[in-house]
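I opened the model to look at helix packing, the chain interface and charged pairs. My notes follow in the order in which I looked things up.

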Amino acid sequence: MSDIVVAKADVVERPRSSGALAPRRLPTAASTPRIERPRAWWGEELLALFSIIVALGADLLLVRVGLDSVDEGYFVEQARRVVSGQVPYRDFDSLYTPALLYVHAAMLAVFRDSPILDVRIVGLVARLVLAGGLYVLCRPLVRPAYAALPSLYILVALDRLPLTWEPHPGWPSAALSVVAALAYARLPLTTGFRQQLLLVTIGAVAALVFALKQNAGVLLGLALVVGAAWQGIDPQRTDVTRALRRLQLLLVALVVAVVAWLLRPHASPTILAFFLIPIVSAVFAAVLPVRVSATGRGIGSWLRVLGWLGLGWTTISLPWLLPLLVAIDWNVVLLKGFVGLVNQDLLWYPPQWPSGGAWASLLGLGVGVLALVRCRRRPFLCAIVLLVVLTFAASTVLLTREAGEPILVALALAPGRASDGLGLILPVVWIVASAFLSFGSMPAPTRWWLRWMTVASALTFLTEYPRVDDTHLAWSACLPLATGTVVLASFSRALTRRWRVTGAGRFLVTTALLLVPIAVGLRNMSTRSDGLAVLGDQGGLSVQFARTTMLTDPRPVAGMIVSADQANTLVDAARFVAANTALGEAIFVFPTSPLVYVLADRPNPTRFDHLFPDAASPAEVDRVIAILDALPVRIVMVSETDLAFWGPPEGNAPLEAYLAGKYHQIGQFSEYRVLRRN
Amino acid sequence: LPFDNFTLYTCAVLGDHAYRRDGRASTAEVWEYVGLGVVLLVLLAVSVANLTESRFWQTDDRPHAPWCRPGEVPRFQFGFADIARAIGTEAGSPTECEHGDDSSGNTLQATTTGVAIYYWCTNTSTFNRGQDHWMLTPAGVEHWTGSEQWPRPLPIVRAPDLRQLCPT
């Protein structure tokens, strides 16, 4: 199966005083981990790339399917505000750094057809860069089939379209984080000016990531800073001066302290373990093996790397940060979200861990298949293991079957249901395994790659906090997945060689190792088709598709295909609002369905497109009430589902009381209620 | 370093040299079988423990009337009990447990002769049987026939609530 083959580095000794950026060896293609490319792999390479293209093509085919009133509405409405001349933070509240808003706004300004399609195209381009970047990142270490796995896992097992397109900064920031990690991994191949240029580029890419999504940018920056300190950019130099060693240990303490502080609001043993175990593993992998030597890498070399990275970061950040500060009259309090000074409780989404025991059955199936391969020459043991495997298969179905569900449907859905919660744990497993793997016997460039990726994976995985859910996993787990595929390839190769497995046995080993990711993918396929298709049992397993409608109006969604249910509720409600208001008349949508502003083509007079409980301070809620009163806003739309989702009104209680007292209902479209001022 | 032993073990397990040429199991091989066996046993124990507690085995053969929880039987309660007592056999016997109506926020309960409705906004219990309608007011039971529309508007007693709007 997979082979991690590394050519020997071509090392040329140079004087120790030359510094980290000075050429210490002649870079050649053999200086970094690479894999032999026998001719037979061209077919596999084409097949791997073809699979990624098919997955992206399927996304493209679905570009007109579905609407998401909450998240998609949020980004489209904010882009419309930018197009109309409003400035984020000054004129409207935004949860993220502004780059994506301006990218979306540019798309809206250039293509005046459908704002929904515009933002989806941006998301598709980000997915393309992400998938391609991951493939290129992994390809030097593993064979094509394995290199394609991270991209396919994200596109198939984590992406939720068309249920929700999530035109979220997570997509482009994850794509650029992969580009930065890839560029960093190429540093050993360069010297002198080219290396400096590459470092500046990496700094610039990190700045772009920050401009898209602040926490992703900060954590990527942190990974670059500590990565450069802990193992430098030269795979051949593992010794450091005593001063740099002290600095390394100081950075370890600093990183652990910062992470603990970040997690403080929701610190529990499981949450701390979930995020700190990868960090501690990365620290062990990158810091523990370092040797202290008087002639080793010094602090100066680290500072020089930081200098070039900082130059790139500044070149990109200052040109947008300064004009923004001027536009908001240097009221830096409006930008407090840039440095994480937000109420974490608002954003906190606790992880849903595996429960109910079906997860154990699924893992048991995987381990059981491995044991079957291991025992294949011992018939008695093999029979026992086969019995255990069958027991696991049966218990997976029994533990996940819902009351009255046809057995065929239960069988088809069992693996996906059993994987519930396991997807969250996979990245942690990959990071820890990668750290351990880096202690094995391997050439220096491969070890350097693994340790850099372990550090970068552990730190960028922190973007999963505070919303520890599957949606954010698509963006936080990109680098852990890249390290994971190297671990998988290595483990698969080790097992097949050790157990002397050939033919079907190899296939079984690979399947067993991939069982959980495959099950996570099956679960996601079921989730993303929610509302559009459902499995049924009519004399055999069948897929029943929901009735859909191609919309002809309103203009922003003309040509979109939505379920009849969505057409009769969200779209009809927006049409009703438009029919009962004048062009340009302000409306108010509460609490979190801003797509209605877009569909009805009516402006939002308040700062808030999402006004979930405690999103606004008491003073800001009073200001919203004052605006509704002063204009006055005649039509308000309320989503019952959103109210129920966000729970008790908390800080929004005065606003809810105001709306209930001053408005009465004039129309209801399932969950959407349209109110008119008394 | 604490990892040295681990690394040595990993190399031993993953390396080809763990195999003995005479075909007999080496120490590492035995540990491998033991390790796989222990993992399988632990996972099997977790699965079986959950199977025994699974709802799959907990069959409740008793028939459940609509909207009733296991063990609950349909009966009149609170305002429905008061109005049923007041109008006597006209109310019939409940065929389901009382339950909320998502669209209106009111509470409903079907009977053998009609349906009892509790109006949340006015705190009023009513009973409808075809053209006959009854409502329970502080002054006693009022009866009217024809439209389900109340003979006179009743005051709204609830404070304004966006999550359960009352008609104005």
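**Helix packing around H18(A)**

I note that H11(A) and H18(A) run roughly antiparallel to each other, because their angle of about 160 degrees is over the 145 that counts as roughly antiparallel. The model is a predicted one, and I read everything below with that in mind.

H11(A) covers residues 269–287 of chain A, and its axis lies 9 Å from that of H18(A). I looked up the hand of this crossing and found it left-handed. On the H11(A) side I listed Pro278(A), Ile279(A), Ala282(A), Ala285(A) and Ala286(A) as the contact residues. H18(A) answers with Arg451(A), Thr454(A), Val455(A), Ala458(A) and Leu459(A). Sorted by type, the residues of this contact give 8 nonpolar, 1 polar and 1 charged.

Next I turned to H7(A), residues 170–185, which packs with H18(A), residues 444–460. I recorded an angle of about 150 degrees and axes 10 Å apart. H7(A) is therefore roughly antiparallel to H18(A). The crossing of H7(A) and H18(A) is right-handed. From H7(A), I noted Ala181(A), Tyr184(A) and Ala185(A) in the contact. From H18(A), the contact takes in Trp448(A), Trp449(A), Trp452(A) and Met453(A). The residues of the contact of H7(A) with H18(A) come out as 7 nonpolar, with no polar and no charged ones.

**Interface of chain B and chain A**

I then asked how many residues of chain B are in contact with chain A. The count is 36 from chain B, against 48 residues of chain A. The area buried between the two chains is about 3,800 Å². Carbon and sulfur atoms give 68% of that area.

For charged pairs across this interface, the rule finds 3 salt bridges. I also looked up Arg374(A), whose side chain meets that of Glu32(B) in a salt bridge at 2.2 Å, N to O.

**Salt bridges over all chains**

I took the total next: 29 salt bridges over all chains. I picked out the pair Glu72(A) and Arg120(A), whose side chains meet at 2.7 Å, N to O. Which parts of the chain does this pair link? Glu72(A) sits in helix H2, residues 71–83 of chain A, and Arg120(A) in helix H4, residues 115–138 of chain A.

Definitions and conventions:
Residues numbered from 1 in each chain as written. Chains lettered and ligands numbered in written order. Predicted model: local features only at pLDDT ≥ 70, side-chain atom pairs only at ≥ 80, totals over all residues. Heavy atoms only, no water. Axes fitted to C-alpha atoms, helices over the stretch in contact; angles between N-to-C directions. Helix = DSSP H or I, 4+ residues; strand = E, 2+ residues; numbered from the N terminus. Parallel < 35°, antiparallel > 145°, perpendicular 65-115°, else oblique. Left-handed = near helix turned anticlockwise from the far one by under 90°. Contact = heavy atoms within 4.5 Å. Nonpolar A, V, L, I, M, F, W, Y, C, P; charged D, E, K, R; others polar. Buried area = accessible area lost by both parts, 1.4 Å probe. Salt bridge = Lys/Arg side-chain N within 4 Å of Asp/Glu carboxyl O.
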